[in-house]
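Colleague: Before I use any of the labels for this structure, I would like to hear what each one rests on. Could we go through them one by one?

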Protein chains: 2
Amino acid sequence: MTAHNTSDKIVTAEQLLLSRGVKPTPQRVVIADYLLQTDSHPTADEVLSAVSEALPVALSRATVYNTLNTLKEAGVIKEVLTEPGRVRYDANVSHHHHFVDVKTGKIVDIPADKVEAIGELLGDQYKVHGFQVLFYGELEQH
Amino acid sequence: MTAHNTSDKIVTAEQLLLSRGVKPTPQRVVIADYLLQTDSHPTADEVLSAVSEALPVALSRATVYNTLNTLKEAGVIKEVLTEPGRVRYDANVSHHHHFVDVKTGKIVDIPADKVEAIGELLGDQYKVHGFQVLFYGELEQH
DNA sequence: TCATATATTTAGAATAAGTCTAAGTTGAGA
DNA sequence: TCTCAACTTAGACTTATTCTAAATATATGA
Ligand SMILES: [Mn+2]
Ligand SMILES: [Mn+2]
Ligand SMILES: [Zn+2]
Ligand SMILES: [Zn+2]
């Protein structure tokens, strides 16, 4: 439930939304909760089907998109772009990167400290606010 | 015309297509030529308007998409993903990265050697085939 | 409590990027 | 010159996302 939250304290989706100034409606809580407990970087469609089949609250497509955009603007989730034509969502809002397994399509998080200092490699004609590394390859499953 | 070609020799779009096994039809030559002489990372729509207003050959939307996909599969151009919902195209097919100026939207190339060795930073549970770094920030204009 | 305002959700229409289809056009080789 | 495959085309289609306008829920406060 709090897999992607940086603090050790257990924080419910509801508490998280409240702390970011987002009113915790049932739909929003259920979407945020789903994103917090998965590490699969789902698309909007995947959120919609997962949430609407598993959970008791009614949910429309428009609300999924509204909620994802609201949560993104509130800093509760981030967008991840790995392929053309679809946006993925990530409740891990810490600065981190992604590894795409080209065989399975699985997308896993890479902590920022693994690729530290990239931001300082460019010369002074670039003022780097942030960066995003997308790795492609194969995950060894030993 | 050859701004993004790695060799010093002047190579026309037509010669480049021939060398990659793509039949150089007038539409394909004109699209490849446009991509080779710009560094603006245009979208398909931008290619279509630039080429159809400036150049003498008739050009349909379907042909622009067909050609971009053909050129991509032939290794003449690459896709660049910087924002949701639109694919950009790049005739610089060398391994390189991108810097997005968040003020202007300008996208500039960052040579691979600026961020060398990122591929070796991950542990041995990852077999890295490649990676792509996307920087966000501001370009200093002096 | 009731009335009303405001925020949220909803179904479905609209938009926009990209693909597909089926019919024309082209051009290289027999 | 004829033929056939490759290519291009307009427009229909698909899919992801946004918009609209109406319904519902929540908050406020007389
Ligand atoms: Mn999706
Ligand atoms: Mn476009
Ligand atoms: Zn992630
Ligand atoms: Zn580039």
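Predicted model: local features only at pLDDT ≥ 70, side-chain atom pairs only at ≥ 80, totals over all residues.

Colleague: What are the elements of chain A, and in which order do they run?

Modeller: Chain A has 4 helices and 5 strands. From the N terminus on, the order is α-α-α-α-β-β-β-β-β. Along the principal axes, the C-alpha atoms of chain A fill a box of roughly 50 × 35 × 30 Å.

Colleague: Why is H2(B) called roughly perpendicular to H3(B)?

Modeller: The axes of helix H2 (residues 26-37) and helix H3 (residues 44-54) of chain B cross at roughly 110 degrees and come within 10 Å. Angles of 65 to 115 degrees count as roughly perpendicular, so the label applies to H2(B) and H3(B).

Colleague: Which residues meet there, and of what kinds are they?

Modeller: From H2(B) come Val30(B), Ile31(B), Tyr34(B) and Leu35(B), and they meet Glu46(B), Val47(B), Ala50(B) and Val51(B) of H3(B). The residues of this contact are 7 nonpolar, no polar and 1 charged.

Colleague: How many residues are in contact between the chains, and what area is buried?

Modeller: In chain A 35 residues are in contact with 35 residues of chain B. The buried area is about 2900 Å², and carbon and sulfur atoms give 64% of that.

Colleague: What makes the pair Lys127(B) and Glu138(A) a salt bridge?

Modeller: The closest N and O atoms of Lys127(B) and Glu138(A) are 4.0 Å apart. The cut-off is within 4 Å, and the pair is listed as a salt bridge. Between chain A and chain B the count is 2 salt bridges.

Definitions and conventions
Residues numbered from 1 in each chain as written. Chains lettered and ligands numbered in written order. Heavy atoms only, no water. Axes fitted to C-alpha atoms, helices over the stretch in contact; angles between N-to-C directions. Helix = DSSP H or I, 4+ residues; strand = E, 2+ residues; numbered from the N terminus. Parallel < 35°, antiparallel > 145°, perpendicular 65-115°, else oblique. Contact = heavy atoms within 4.5 Å. Nonpolar A, V, L, I, M, F, W, Y, C, P; charged D, E, K, R; others polar. Buried area = accessible area lost by both parts, 1.4 Å probe. Salt bridge = Lys/Arg side-chain N within 4 Å of Asp/Glu carboxyl O.
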